[in-house]
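Hi,

Here is the structure I promised to pass on.

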Amino acid sequence: CRVAAVVPAAGCGERMAHSVPKQYLPVSGRPLVIHCLTALQEVPWVARVVVVADDLARMLGVVQQARLSKVTVIQGGGSRHRSICAGVEALAEDPPDVVVVHDGVRPLLPLTILTQVVVAAERYGVAGTVRPLVSTVVKPDPKGFLEESLTRTHYRNSEMPQAFRFDVLREAYRRCSEDELDHGTECLALAFHHAGIRAKLVPGTPHLWKVTEERDLVVARTLLPRHHR
Ligand code: C5P
């Protein structure tokens with residue numbers, strides 16, 4: 001099975017108060033995005049990695065400095081879906097069987113989880129990683145009063161990595177609306193609604209967390225090995 005990866009790493013990380021976008025912030029001696037790209041580079045059966053950036057020159061610079069031979073940089077941005085879609089199209093000329101999607105701001109990518117989602121995607125068409133909810137999810141009404149409260153044990157957080165048969169994800173992006181491209185947040189939902197495939201859900205680990213807020217950087221700097229070169 002031929003496997004490639006798309007790493008969305010555009011956008012500016014609005015929930016962090018830095019002038020530098022979070023994917024370029026230094027973590028243990030390297031820009032944050034380089035950690036997950038290195039993890040993918042080191043997996044022998046991942047043939048190609050496309051990283052999607054909105055500042056091409058900056059991303060090319062950090063990728064070249066890290067000497068990541070499997071990684072190509074392409075232009076994305078606009079929205080998360082538009083970035084991932086651009087990555088998928090970049091692979092289309094020589095399509096892989098399975099494409100993995102992993103966020104550039106999720107620095108850890110355990111090989112066991114990556115393997116499980118790829119094997120599940122090969123078998124079922126689509127696979128995602130999930131974690132138990134830490135807090136209960138509630139839906140407020142427009143006036144700020146409780147409209148609905150979900151039973152926590154029935155739900156999961158959808159995390160990354162996710163994996164798709166390449167033609168399934170490409171077809172889902174072809175069929176979805178402009179509105180979904182701009183505002184959607186979840187590829188599993190696209191594959192369900194537009195390719196009719198229900199994702200197999202694989203239990204993840206806390207290490208798959210996404211660097212979102214300031215304190216996540218402290219955690220990342222503690223967990224990730226320092227880079228000496
Ligand atoms: O915004 P959020 O933190 O949820 O972003 C998750 C991932 O999506 C990040 O890796 C970010 O770089 C990527 N993204 C993107 N293009 C955008 C917005 C977000 O590639 N326009």
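The shell around the ligand is made up of 5 nonpolar, 10 polar and 3 charged residues. There are 18 residues around the ligand, and those that come nearest are Pro8, Ala10, Gly11, Ser83 and Asp103. Keep in mind that this is a predicted model.

Now the sheet. It is an open one of 7 strands, running β5-β4-β1-β6-β10-β7-β11, with mixed pairing. β5 (71-75) and β11 (200-203) are at the edges with a single partner strand each, so one side of each has no neighbour in the sheet. From one strand to the next, the twist averages 25°.

Helix α1 (residues 32-41) touches β1, β4 and β5, and its direction makes about 160° with that of β4. Helix α5 (residues 166-175) touches β6, β7 and β10, at about 110° to the direction of β10.

Then there's α2 (residues 56-66), where Met59, Val62 and Val63 are buried. Down the axis of α2, the buried residues fall within an arc of 100°, so they line one face of the helix. They pack against β3 (30-31), α1, β4 and β5. On the face of α2 turned away from that buried side sit the exposed residues Ala57, Gln64 and Gln65. Just after α2, arginine 67 has a positive phi of about 55°.

Cheers

Definitions and conventions. Residues numbered from 1 in each chain as written. Predicted model: local features only at pLDDT ≥ 70, side-chain atom pairs only at ≥ 80, totals over all residues. Pairing = 2+ DSSP bridges. Helix = DSSP H or I, 4+ residues; strand = E, 2+ residues; numbered from the N terminus. Axes fitted to C-alpha atoms, helices over the stretch in contact; angles between N-to-C directions. Contact = placed C-beta atoms within 7 Å. Near = placed C-beta within 6 Å. Nonpolar A, V, L, I, M, F, W, Y, C, P; charged D, E, K, R; others polar. Buried ≥ 20, exposed ≤ 12 C-beta atoms within 10 Å, placed from the backbone. Arc of directions from axis to C-beta.
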